[in-house]
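Biologist: Please take me through this model, residue by residue where that helps.

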Amino acid sequence: MIDKTLRKATAQRCGDVIAIHMVGGGDCLWLNMYLDETIGQMTCDSDIGSYAYHWGRHIDDRQSWLDFCCEWLSCEEWLLRKCCGEKHAEMEFDCDATLENLRLLLMEGKEDDEDAQWYVEYTLEAAAGYDKRREFAAALNVAADIQRVDLPEEWWNCIVERYTPWQLRFAEICREVIVPAIREMERSEKENEQT
């Protein structure tokens, strides 16, 4: 069981850079993140991976830099798409979902051809035991050649990959720990300005 109470973060402004340091439990022992307002970049190194993204200089007059960062770090879909998906980070291959997509594609038009269905099923079974995308693709292609099953070029679109548990944990930590630390830093800065 993950003990989220062990996660502690501090955010500190160092000129145009906000430095965030977090310590936690076994799910994420440490994380260091830097948000650079001048160049519009986030870099993060941790024991659950390294993440980075460059937006470019923040020029939206309707939203502060801190509000933008907090919004971005709070949105799991946006954060993971930019830091992992668009960076072509290695993701977790979902063999079962891929097989189901392939089954739908390869069985189309073969509803009345039992022999063709058997060859498709045999081909899919040959690839079913692989948990890595490359191994799966190799096994599928070899089996399709042997069984003379034509794989359309678009079969690659059937591959399903998901974010890894570490990537999902990174997004969770950003939302639940990093954003509150930034907001606490902001609150503390406002209090210091008033005194």
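Modeller: What follows is a set of questions and answers on salt bridges, cover, surface patches and backbone angles. This is a predicted model, in which local features need pLDDT of at least 70 and side-chain atom pairs count only at pLDDT 80 or more, while totals for chains, interfaces and linings use all residues. Residues are numbered from 1 along each chain as its sequence is written, and side-chain values use heavy atoms, with hydrogens and water left out.

Biologist: How many salt bridges does the structure hold?

Modeller: A salt bridge here is a side-chain nitrogen of Lys or Arg within 4 Å of a carboxyl oxygen of Asp or Glu. By that rule the structure's count of salt bridges is 19.

Biologist: With which residue does Arg7 form a salt bridge?

Modeller: Arg7 is found in the segment before strand S1 (8-14); helices (H or I, at least four residues) and strands (E, at least two) are DSSP runs, numbered from the N terminus. Arg7 is buried at 7% relative accessible area, where buried means under 20%, exposed over 50% and partly exposed in between (1.4 Å probe, protein chains only). Contact means heavy atoms within 4.5 Å, and beyond four places in sequence Arg7 touches residues including Met22, Asp27, Arg169 and Glu172. With closest N and O atoms 3.8 Å apart, the salt-bridge partner of Arg7 is Glu176.

Biologist: How many residues apart in sequence are the parts tied together by Arg175 and Glu76?

Modeller: The side chains of Arg175 and Glu76 meet in a salt bridge, 3.6 Å from N to O. Arg175 lies in helix H6 and Glu76 in helix H2, so the parts that the pair ties together are separated in sequence by 99 residues.

Biologist: In which helix do Glu186 and Arg183 both lie?

Modeller: Their side chains form a salt bridge with an N to O distance of 2.9 Å. Glu186 is buried at 15%, whereas Arg183 is partly exposed at 31%. The two are three residues apart, about one turn, and both lie in helix H6.

Biologist: Which residues of H1 are buried?

Modeller: H1 is mostly covered, with seven of its 10 residues buried. Ser74 is also in H1 (residues 65-74), but counts as partly exposed at 31%. Leaving aside neighbours within four places, Ser74 is in contact with Arg175 and Val179. The buried residues of H1 are Trp65, Leu66, Phe68, Cys69, Cys70, Trp72 and Leu73.

Biologist: What accessible area do Trp118, Tyr119 and Tyr122 have together?

Modeller: Patches are made of residues with over 30% relative accessible area and no salt bridge, like charges being joined within 9 Å and nonpolar side chains (Val, Leu, Ile, Met, Phe, Trp, Tyr) within 5 Å. Trp118 lies in helix H4 and is partly exposed at 48%. The three residues form a nonpolar surface patch of about 340 Å².

Biologist: Which residues form the negative surface patch?

Modeller: One member, Asp113, sits in the loop between helix H3 (95-107) and helix H4 (114-127). Asp113 is partly exposed, at 36%. The negative patch is formed by Glu108, Glu111, Asp112, Asp113, Glu114 and Asp115.

Biologist: What is phi of Arg148 near?

Modeller: Arg148 is in the loop between helix H5 (133-147) and strand S7 (161-162), and is exposed at 74%. Its phi is positive, in a residue other than glycine, and is near 60°.

Key. Areas by Shrake-Rupley, 256 points an atom, 1.4 Å probe, with all protein chains shown as cover. Lys, Arg positive; Asp, Glu negative; His and termini not counted. Charge placed at Lys NZ, Arg CZ, Asp CG, Glu CD.
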